[in-house]
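Student: I would like to learn how to read a protein model step by step. Could we begin with charged side chains?

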Amino acid sequence: MARPSLRLTDRAAAPRAHSAAGAAFTELVIELFRLNGRLIALGDEMTQDLGLTSARWQVLGAIGKAPKTVAEAARQMGLTRQNVQRIADWLVENGIAEFVDNPNHRRAKLVALTKKGMALRERLGERQTKWANETGAQASAAELAAAAEVLRRLRVALDQPR
């Protein structure tokens with residue numbers, strides 16, 4: 001069966017042009033994707049000798065000093081519960097974390113760092129501080145705080161129902 005030819009007027013209209021803010025936001029998003037890729041690669045480099053990855057480091061940091069549920073850690077970091085569960089299981093299997101009873105919920109265990117996990121988190125914290133101080137020197141503290149505030153406002157806006 002032959003396809004009917006489409007006239008120009010039958011085709012979908014071209015998308016509207018971005019507003020100045022829309023174009024700037026699009027440019028920011030593209031740069032954030034690039035930055036995210038670079039941050040993951042650098043995190044992998046910083047943790048490789050410790051047997052970790054950026055994702056494992058992120059969950060290790062999310063668990064922090066106080067035990068929390070997998071769902072709480074996932075919400076805190078903006079990750080899926082399933083992905084955090086997979087990483088938490090790995091951390092437990094490797095003696096970095098443990099599942100403990102949750103006094104507030106019978107089925108949702110808490111994830112807590114072991115002594116090994118606390119020591120690992122401390123070592124990574126020292127590395128991150130050195131790296132952050134060196135990298136942060138590329139801009140003023142005020143510029144970085146303003147950028148963080150804009151990103152927070154955009155995240156909140158994106159979290160609003162459409």
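Tutor: Side chains of opposite charge can pair when their charged atoms come close. The structure holds five salt bridges, where a salt bridge is a side-chain nitrogen of Lys or Arg within 4 Å of a carboxyl oxygen of Asp or Glu. This is a predicted model, in which local features need pLDDT of at least 70 and side-chain atom pairs count only at pLDDT 80 or more, while totals for chains, interfaces and linings use all residues. Residues are numbered from 1 along each chain as its sequence is written, and side-chain values use heavy atoms, with hydrogens and water left out.

Student: Which residue forms a salt bridge with aspartate 49?

Tutor: The partner is arginine 127, and the closest N and O atoms of this pair are 2.8 Å apart. The pair links distant parts of the chain, since aspartate 49 lies in the loop between helix H1 (20-47) and helix H2 (54-63), whereas arginine 127 lies in helix H5 (residues 115-136), 78 residues apart. Helices here are DSSP runs of H or I with at least four residues, strands are runs of E with at least two, and both are numbered from the N terminus.

Student: Is aspartate 49 buried or exposed?

Tutor: Buried means under 20% relative accessible area, exposed means over 50%, and partly exposed is in between, with a 1.4 Å probe and protein chains only. Aspartate 49 has a relative accessible area of 55%, so this residue is exposed, while arginine 127, at 25%, counts as partly exposed.

Student: Where do glutamate 149 and arginine 152 lie?

Tutor: Both lie in helix H6 (residues 141-159), three residues apart, which is about one turn of the helix. Glutamate 149 is partly exposed at 34% relative accessibility, and arginine 152 is partly exposed at 41%.

Student: What does threonine 69 touch?

Tutor: A contact means heavy atoms within 4.5 Å. Not counting residues up to four places away in sequence, threonine 69 touches Asn102, Ala108, Lys109 and Leu110. Threonine 69 lies in strand E1 (residues 68-69) and, because its relative accessibility is 11%, counts as buried. As for lysine 109, this residue forms a salt bridge with aspartate 101, with the closest N and O atoms 2.4 Å apart.

Student: How many helices and strands does the protein have?

Tutor: The secondary structure comes to six helices and three strands, and from the N terminus on the elements run α-α-β-α-α-β-β-α-α.
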